[in-house]
Amino acid sequence: MPTIFIDGQELQVNDGENILEACLNAGMDLPYFCWHPAMGSIGSCRQCALVQYQNEDDTRGRIIMGCMTPVTEGARFSLNAENATEFREAVVESLMLNHPHDCPVCAEGGECHLQDMTVMVGHRDRRYTGKKNTYRNQYLGPLIHHEMNRCITCYRCERYYKDYAGGTDLGAQASHDHLYFGRHEEGLLESEFSGNLVEVCPTGVFTDKPFLKQYSRKWDLQSAPSICTGCAVGCNIAPGERYGNLKRVHNRYNHDVNGYFLCDRGRFGSGYVNSEARLDYAGIKKSDGSFMAVHQQQALDTAANWMQGKKVAAIGSPRASVESNYLLRELVGAENFAAGFSDTEAKLMASVSQILQTTKAVNPSIKQIEAADAILVFGEDVTNTAPRVALALRQSVRNKSFELAEQMGLPQWQDAAVRNLAQDQLSPMLIVSAMDTRLDDVASQCISLAPDQIAEFGVAIVEAMAGEPTSNTQANEIAQILQCAKNPLVISGTSMQHWGIINSAVAIAESLCGKKSSCMLSLCVPESNSIGSALLAGDMSQPLSHLVESAPEVLLVMENDLHRRLSAQQMQQLMGEGTQVISLDMLENPTLGASDMVLPAASYAESQGSLVNMEGRVQRYFPVFQPANERMPSWQWLLKIAAATGHKSLSKLEHFDDVVAACEKNHAQFDGLAIAAPDNSFRDRGLKIPRQTHRYSGRTAMNAGVNVHEPQQPHDTESPLAYSMEGLNRDQPASLTPYVWSPGWNSNQSLQKFQSEVDGPLKGGTAGQRLIISTAKGATKKSENSTTDMQPHQWQLVPVYRVHGSEELSVNTDEIAELAGHSFVALGEVVAEKLGVVEGDGAIVASGDIEVSLEVKILQRVAKNCIGFAAGYTETMAFQAGSLASLTKDKKWQRREPQLIASDKTIPDPMISTGGSARV
Amino acid sequence: MSKKEMIQSDIGSVLSAQEIAEIDAELAHIPYKSGAAIDALKIVQAKRGWVSDECLQGIAKYLEMSAEELEGVATFYNLIYRRPVGEKVILFCDSVSCWIGGCDDIKSKISNVLGVDYGETTADSSYTLLPVPCLGACDRAPVMMVGDDLVTHLDDKKITELFGSAANGSAK
Amino acid sequence: MEKVLTRNIGLAQKPTDLKAYEANGGYQGLRKAMAGMSPKDCQDVISDSNLRGRGGAGFPTGMKWSFVPSDDKCTPGHKYLVCNADEMEPGTFKDRLLMECDPHQLIEGMILAAYTIGADISYIFIRGEYLVAIQRLRDAVDECYAAGLLGENILGSGYKLDMYVHPSAGRYICGEETALINALEGKRANPRAKPPFPQVSGLWGRPTIVNNVETLCNIPHIIDRGADWFNGLGVGEDAGTKLFGVSGRVKNPGCWELPMGTPIREIIEEHAGGMQDGYQLKGFLPGGGSTDFLTADHLDLAMDYNVIGAAGSRMGTGTMIILDDRTCPVGMVLNLIRFFAHESCGFCTPCRDGLPWSRQVLQDIEEGRGEPEDLETLAYQVKYIGAIGNTHCALAPGAMEPLQSALKYFYDDFKQHISSGRCPYH
Ligand SMILES: Cc1cc2nc3c(=O)[nH]c(=O)nc-3n(C[C@H](O)[C@H](O)[C@H](O)COP(=O)(O)O)c2cc1C
Ligand code: SF4
Ligand code: FES
């Protein structure tokens, strides 16, 4: 560890870091703009200037950029020398020449890095007398608002969007003081990660458009530590609320999981929480089929009455918390409980959970994935099934360039230099999939195979690695690339709903695990708590079809829209005459409609729970605000039902922590659940952690439009967080960080004050706890691959996932629905040509007794005999992955216009809205 | 059809066969396709005077880069025109030696005669007037380029010879 | 004095073709090297010759070349030689002459340079407006390929070199060697961070040498006639001859090859014929638009790198711009700053936003809206933008040189503008 001197102060610094990092690590306030901990240095803004001295006798020194200067033993610097402070002020003064000074109407105001830095350098008076340059803004789609006049040309947006996230449609144009950051033409930003621009831009050029429609200042938001429920990656988020509405979602740093970035589903997909389709009251179905709203107590009494002495079964949900699922299972007994997976999903999830518990391969965190130097993507379009992981994979392929840089003695953070050196040399990424994936652009090789063949191809790779001669040269090649790598990664998952693919992936990964070497194996799974549900189900899980057969008298369905998993016929059978169905969920859906009683559940933003992500990490989310009306978190509904029915063990439980303790006690696989976050008794120096900021304003007045009496702040009896601005938000355990703020650092850049060191874990550690530790006995099973017999003019149906559209809840957000577009059938160019269709035409897909006319999408590469269908879309819901279909042109097809649900929406006045009315 | 053929036929309507052949000649000695971005822009502009959106998209596709990326390149350089220009571009040197030599007055004279300021094209589309950094002929200042020709030792007389005078209307 | 660089250049300014070039001793240096000099031998001669770069910075050429890693010290692949023919520095017009009139001299220099550093591909990056030079160079390159002077197995030596003439799409910043490399790669020409220097990671990430046209034109002669001969050419501290030019209100503006160390007075008064009648010399920029003003007091200095440096300016490109007593120094600096502000690549703040700020202040002063505080602001800007290291590349510090020296030598002119509320020269 080198020693350096800053203003005479002796500092021990980390080897290989730069002076800016060293200063920030030492707690010094050195302003910066263009540098970003995840993206390194380019030295363009010139804000992080210090004076460097040759030696002790040098009194003049010279200006250097902190972010571009590596630490060296004995080097001497000054932060406070007059020429340094004067220089830094001059930089801000020139950045502000053309700035519109429109903070009062800017969405960034109050959390603006430019504001912070301006204050930090002490800039006050403008001397510039010229006209300001102005720019025309672009329409960038429903998610991102563009306001170029505020730009300070730090290049962060371009570097993030192009270099980091692999986007191609946003960048720098023109030059000198006319630089422009935008698209070639107006239009939707294509990247699935565009939302991070909001946090990457140090001022208000790129802002959160849905948030603008219902805007509040950062300091007026009430926030809580939360976990994204958009997929199984489990990114940490910080949602913010005001006036009873979820206003926006910001990234919440987790060193091992999402780091600084989210995908757009995670950032923008929570609008459904404010949806008018939310249930507000419990309802009991009347004879005419409509629902009668009833109070909680009445609903509970009726439910208890229905259940008394009856054969009761229950269906849980992979998108509900561990705790809720646990309670539901206890309530009806394991033999009457189905985890809520479809039959195929149940089998896949049982094997994934089995694999994670026994594999010899390393089950990596996202951070570890970024270290991979050769990647085999096996049958998964990761960008659309586990988006944040795909963003990590885009960093892994850069390891080749870091290797080259190291040979030249270039530090990784010298971002532009490393890129210039490596040009387009990337670490190998091999993609084997049925169709295009959104990582094809960084892949060294893409192989298109039907699902069955993917599985077989995997067997060939394993054989090739074992040294058995195979005639498959591609398999030989891939085997060799993987075997040459120091840190290979195999990534696969359940999205093809094909056991053989996963099995082959495991076999490949495990054959790479020798005495000295190891391989990472990462498996993508469908939902935010799929792994949690699989762990709970263990081997005894009741397949959903058994439950259908068992014909229960009373059925409890929790947070699960069964029509996504059952055929119409099964639905009918399950929910028909003989069964009284009680459903617990948030949004209107076909399952609720078919139920006899509905109970309004709280969303993730209004409740507390634990989710187990794809790597087996359990993480806790906390309520951001209290549920409105008669909504209640599922776990509370279930405790109350237990009490009302006099359940033996459950009726003794009262608090969330009791449930956690019980679950941990009764299920060895959940050992560690309690460590996911501190319990209700936790206090930091005697205080709770505030959900509101120091500057939270208008508390007395904000509800005056409804009631002039200031309501009492709610008490949180379940967690260490308070609905208050009192308390301490610093250095607490990482799982309890509701927002980041530090004096002088109002923007999200204040994160560095919470990190143990630049880009390191938070001071309070890393949130979450690995539940699954593999026994490393090995999980490879003998393959029993089958091939589907194909008739001419038949196609195999392959599910095609979309970040926007395939996920059940987020698509109830206007912006996401707009981006999801229409459901589609995806064809290769050759097939399309034969059929006589082009993109946007219609084709009729018939499979079994289902026949749907769908919009045609043309893909670049499609495996022989395969066609894709939009997974998770209503119109295509009934299609089974892997089944056969016929295809004809729809001659009567009328081309569809895009649905501009969000873009055309008028802005509701948040002050007047009083929340949705009872929808029952 | 191969992918390459597809792209060719796709943009065939935009880029001419000769343009494509010239771009291919550049590509022959450049390790990455996008490396020929500037050459390709210049090739297309040489034929058409300027680079339209359509051409830009065509080139981008041919070079397998995004239109955005090519736009960033095209808008960086002084000699790539993203708006239509006249038959001839007047590159008028306004740098220091020409300035000392009185180029401001000559510029006024040209503007007067042609009825255009910097960045503008004459009504009959004959000329577009643009400023250019030092043309490296300072010993013969003031100078300008009209189309491909360097015109040196500019004075009122020369301007009249070249463009006529304001009295007899705008340019030939 | 013996003409070296311009020996083929007559008044008619007709280019020499291969035949004429060879007839006058051309490609002797190359033949000599190919016949029996190793790259190391060539490197030694160039180092010993004390040749310094003629592109503006005066960096010793031999030393620069020695930073290129030898084949066993770098991963296998191409190495590149690039000729910087982007001549766009205001007031500079020497490379144009060399290329238009004697293209083969440059090509021979490039082949030798490429041979020395082990390059197998070379580029002439030439500004797009130099249409005549582009054509003549292309013709000359074709002649060379046909004559076995370029391509495979040059002169039977086994050495292979390809050469391409690459016209720029026009930006002053493309003259900065790392920006030039980005332009050659088809990218936006922002300069790159150094280190790593292009000698180790340049074009396409590979070892690359960028040299000025004039620098390269010296190489054949040095190889042919040796380091001692070259050292003997200078009359002052520095070796060789140089093209010196004068523009502005002198009787005979032009460009001449003279020994290094020729006194400034001789250049202006003898070769350029002195000031035009009715004009007095008020000051001059000794080496292009990004060098500091000197005044009549400096006329007896020798044009040597260190001598001019000690006087507070730079040799730059060696082409002088004369400020006369009837031209407004504020207006002249405004013209220069306007140029630099427009040609800023826009990458770093002090240059992108600082130069337009200076331009605004100068314009206010020149147009009679100046305030006394403006002079403090200008001084502040010079300090802020002007130091090497404050900005990402040398464009902005260069831009500040005429301003800072104008504030030093012509302060009264600035003050008079402000106190009288108008430009006294109009
Ligand atoms: C803004 C800027 C513009 C430059 N323009 C030129 C130029 O037009 N021609 C040139 O030869 N060098 C130019 N240079 C200098 C080059 O960066 C580089 O130092 C030179 O080409 C090296 O060649 P030499 O060692 O032979 O002098 C410029 C430098 C800067 C900072
Ligand atoms: S000093 Fe000017 S030209 Fe050089 S990098 Fe900075 S902005 Fe670009
Ligand atoms: S943060 Fe160092 S130059 Fe921008």
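How many nonpolar, polar and charged residues does the lining of the second largest cavity have? The count is nine nonpolar, seven polar and two charged. The model is predicted.

## Second largest cavity

This cavity holds about 140 Å³ of space. Its lining is made of 18 residues. Closest to the centre are A:Arg319, A:Glu559, A:Ala602, A:Tyr604 and A:Tyr621.

## Largest cavity

The whole structure has 18 cavities of 30 Å³ or more. In the largest, the space comes to about 480 Å³. Its lining takes in 34 residues. A:Glu199, A:Asn251, A:Val740, A:Asn748 and A:Leu751 lie nearest the centre.

Four elements of chain A each give two or more residues to this lining. Two are helices, α5 (196–200) and α25 (751–754). The others are strands β12 (236–242) and β13 (245–251). By class, the lining of the largest cavity splits into 17 nonpolar, 12 polar and five charged residues.

## Interface of chains B and C

Chain B puts 39 residues into the contact, and chain C puts in 49. Interface size is often given as the accessible area lost when the parts come together. Between chain B and chain C, the buried area is about 3,400 Å². Carbon and sulfur atoms give 62% of that area.

Zero salt bridges are found across this interface. Polar contacts do occur: 17 residue pairs, with both residues at pLDDT 80 or more. On the side of chain B that touches chain C, the elements giving two or more residues are α3 (37–48), α5 (67–74) and α6 (96–100) of chain B. The residues of that side comprise 22 nonpolar, 11 polar and six charged.

Definitions and conventions. Residues numbered from 1 in each chain as written. Chains lettered and ligands numbered in written order. Predicted model: local features only at pLDDT ≥ 70, side-chain atom pairs only at ≥ 80, totals over all residues. Heavy atoms only, no water. Contact = heavy atoms within 4.5 Å. Buried area = accessible area lost by both parts, 1.4 Å probe. Salt bridge = Lys/Arg side-chain N within 4 Å of Asp/Glu carboxyl O. Polar contact = N/O pair within 3.5 Å; in protein donor to acceptor, adjacent residues only side chain to side chain. Nonpolar A, V, L, I, M, F, W, Y, C, P; charged D, E, K, R; others polar. 1 Å grid on protein atoms, 1.4 Å probe; cavity = no way out; pocket = protein on both sides within 12 Å on 5 of 7 lines; lining within 4 Å. Points joined across faces, edges and corners; volume = space filled by probe spheres on them.
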